Structures are given as structure tokens and as C-alpha cells.
Amino acid sequence: MKPIGPDAAGVSQIEAQAQAQGEPQTDWEQIGQRIMRDADTLAQYTETAPLITRTYLTAQHRAAAMQLAQWMLEAGMTVRGDAVGNVIGRYEGLIAGAPALATGSHYDSVRNGGKYDGNLGILLPIACVDAFNRSGRRFAHAIEVIGFAEEEGIRFKATLLGSRALAGTFDTAALDNLDHDGVSMRDAIDSAALGFSSADVARAAYARDALLAFVEVHIEQGPVLLNENLALGIVTAISGATRFAVELEGLAGHAGTVPMELRRDAAAAAAEIALFIESRCSQAAGLVGTVGQFNIPDGAANVVPGRAIFSIDIRAGDDALRRAAVDDVLRAIDSIAARRGVVPHVRKTHEADSVPCAPWLQQQFRQALQSAGLPLRELPSGAGHDAMAMAAVTDVAMLFVRCGNGGISHHPAEIMSAEDAAHAARVFTLFVEHFQDSHAGNAIG
């Protein structure tokens, strides 16, 4: 694959720079290419070949888990699983049983998704641990690489199942959720030959003292790094989100006989609300608002719309910023509806606070980027990630990696480059090698 941008200065330059700074000799080009190859291999485990669909506890999902376990074993890790299907590789520290620096991401996918969403955050640390193992390097802390079994919520309409189980926040009520074939999550787990039953889910949770921190490497899933010609960025926070389902009740009428001033047009009111959301959420950096679904039930070309149904999604890394925008949008809905003679029915469907990345971990990623000679860029994540759930049990941080094609993700056109994979692997390696426990205050690498 060709470099995505002119910044992707060839990995030979990465290696020369690393050697000049006295880092242990590592073939970054080989590691970058290995990550891309492994992503291609993992993409073969799909329900919709040649497209990628890997939903929770299907045969293809379990096969992908076995492949990850094999790579972890080959990298010198011991491997364990749990009742929800997480795959966890442990690279032991100098002292057996030492607390772990955990990392990882999810190996399920959306329908017809991309190769790198989630997968990068598992494959990259496996490749880095393999390099540590081959050179005989171990640290005062263990490293645990986690392949989270489920994050996307596609099959059972419940998200972050893998990370919530490990964080001890799994909602057991979700075990009764049914897939489109009427199979419950409980039955799917009990019949998946994981060596556990659904009754064992609570046993998956980490003890707080077992972890030093959790860090996740992930493609950005957006265009910021690409547009700024940067390979990597440090995530400051995972945005909180508020979502609504809105129905406007107006009055249907003949398109030719109802005068404009007498119309109670639900679609026009909905469109004005959507434009208000666009305007209001353009007023502050890091704030975004989206009307992603818009429906006119029983609409016809010659009928004034009597009903409109639409969704609202408002996100920001700053909860106060998001809540202020939400309040303004709700007031605007009431005002626009009253002026246009329609009745609004607004139902909140989702509310999640933002998850800040720990400053002490952000600082260590800054140092790793600077040591690698890369520009420093910090940005919030507008998408949700497993790190959100893991924040319930330990401090978290994220490293974003540039993706191409305008930043598209959750799509077959999702791409990244081997050069950027190599940059990310080097920065992750520097982070691990110089990791400092926030409690001890001393380097433990």
C-alpha cells in the first residue's frame, strides 16, 4: 500500500532515527508490514465474504478468536479466555504476577466494515510483544493484550460487552437480548464451547490492583489527522453523547389546496430543527450534532407531510459543552414546533458522559511522540471505544492512527498504511519501555 500522505517518510527513516537515538535495534518496516498482513488474514474470518462482517459468537467470530490466541502464543504470551469470549494474552513481567499494563481493542465488526477498526489495537501490541520476546526483553510490569469479544452491539443490540465484563460493569439483563433469529445472548454464550457458561460472566472482571492502566491504539475513524498530514494523535477524551428520537405531529393536507400560511408541515419543521442543530453545533470546537435518520411516514409527492420522525445525536468531549447544546436544541424544538403549529414528541434514547483520558498517561504518550520525532497533536474521540468501559476499573489513554479515504471507517474503503502502522508501533514501544506507574512515580520498565 502506498503511503497515505507525504509525511509517511519511509520506515527506513524511522529506523535510522531510532538508531540515532540509541533505541534497541528493531525492524520497524517489518513490524508495520506484519500488522498489515495480519489484518488481511483476520479479514478472512467473515460472514459476508469478500466484505467483512464478524458478529458476536458466530463461527467466524470464534475462528478469529482462535487466530488471535495463536498469534499471542507465538509472541511468547500465555493466553486465557472468559465467559464472554475475550481473548487475553499475558506477557509476564520480571516478577511473576506483577500488575499489568493492559492494551487492546475489539475483534468484532459492524456489517460490511473495515479491516482496521478494532483489529489494529490488538494486532499492533501483539507484534510489539513479539519483538520484546525475540530480544528477551521483559519489564517490571506485565503486559496484557486484550481482544475484546464485542464492542459494536450488532447482534444483540448491546455494546461494549467484552470491555464491560472485564471492567465489572456488564449488565446481566442484556443476557436476555435476542438476535434476529430469536437466539438469546445467554443461549449463545452457553452453546459457544468457550469453557464457561453465562453464569460465569461476573468472574471475568479485573481486580483494580491487577491493572496499572489501559491504553488503546485505534484508527482515528475521521479526517483530522489525514487533513493535517499527521500519522498519530493523542486522544484527550472520548466524547459523551446524547441521542433523541423525535416525532413531530402536524396536519396532512393536499399539496395544491392548503395555503402556505395555513400549513402545519411536520417535515418543514423537522428540517428547520435539523438546520438549527447544524448551526448550534458549529459554534464550538469538539462539539458535533447529527440528524442521521429522517423519515416522512406515508409521505407522498402531493401531500403536505403530517408526521416527521428523525434522530438527533449530539457529542462533545466536554460534558458541559454538550449539555448546553442539548438544552438549546430542546428549546429550539419547542419554539419551532409552536411557531409552525406542530406537536413535538421527544424521547431520549441514549446518554453517556465523556471519558477523559488520564493526564499522566497522555503525558507519557507525548514523551513517546517527541522521542520518536513526531509532531504533537491532541484531539478528542467522537466515537465510542472499549477504553470508555475500561475507565471504570483503571485509568485509560488512547493513541489515534491516521486513516485514509477521507477518514472513512465502518466501511470496506477503510484504509491505513504500513508506514503509519510502523510509526504507531514505535511510539507504543517507547511508551511501554518508559512507562511510569502514576502511584510509584518511577519508571518501571
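Where does Val110 lie? Val110 sits in the loop between strand E3 (100-106) and helix H4 (120-134). Here helices (H or I, at least four residues) and strands (E, at least two) are DSSP runs, numbered from the N terminus. This is a predicted model, in which local features need pLDDT of at least 70 and side-chain atom pairs count only at pLDDT 80 or more, while totals for chains, interfaces and linings use all residues. Residues are numbered from 1 along each chain as its sequence is written, and side-chain values use heavy atoms, with hydrogens and water left out.

**Confidence**
- The chain averages a pLDDT (the predictor's confidence in each residue, from 0 to 100) of 93, and 93% of the residues score at least 70.
- Over residues 1-9 pLDDT stays under 50, and the model has 29 contacts (heavy atoms within 4.5 Å) beyond four places in sequence for them.
- Residues 441-445 also stay under 50 in pLDDT, with 14 contacts beyond four places in sequence.

**The largest pocket**
- The largest pocket has a volume of about 1200 Å³.
- On a 1 Å grid over the protein atoms alone, a pocket is an open set of points where a 1.4 Å probe fits, with protein on both sides within 12 Å along at least five of seven lines, and lining residues have an atom within 4 Å of a point.
- Grid points are joined across faces, edges and corners, and the volume is the space filled by probe spheres set on the points.
- Its lining has 42 residues, and Arg243, Asp313, Arg315, Ala383 and Gly384 lie nearest the centre of the pocket.
- Strand E7 (240-249), strand E9 (287-290), strand E12 (307-316) and strand E13 (343-352) each give at least two residues to this lining.
- Sorted by class, the lining has 13 nonpolar, 19 polar and ten charged residues.
- In that count, Ala, Val, Leu, Ile, Met, Phe, Trp, Tyr, Cys and Pro are nonpolar, Asp, Glu, Lys and Arg are charged, and the others, Gly among them, are polar.

**Val110 up close**
- Val110 counts as buried because its relative accessibility is 11%; buried means under 20% relative accessible area, exposed over 50%, and partly exposed in between (1.4 Å probe, protein chains only).
- Setting aside residues up to four places away in sequence, Val110 touches Ile52, Thr53, Arg54, Glu152, Ile154 and His410.
- From Val110 to Ala98 there are twelve residues in sequence and 36 Å in space, C-alpha to C-alpha.

**Two buried arginines**
- Arg402, in the loop between strand E16 (396-401) and helix H12 (418-433), is buried because its relative accessible area is 0%.
- Arg322 belongs to helix H9 (residues 319-340) and is buried, with a relative accessible area of 0%.
- A polar contact of 2.7 Å links the side chains of Arg322 and Glu351.

**Backbone details to check**
- Ala49 and Pro50 are joined by a cis peptide bond, with omega about 5°; Pro50 is in the loop between helix H2 (28-42) and helix H3 (59-74).
- Leu160 has a positive phi near 60° without being a glycine, and is buried at 8% relative accessible area.
- Asn229, also not a glycine, has a positive phi of about 60°, and its 26% relative accessibility makes it partly exposed.

Conventions. Polar contact = N/O pair within 3.5 Å; in protein donor to acceptor, adjacent residues only side chain to side chain.
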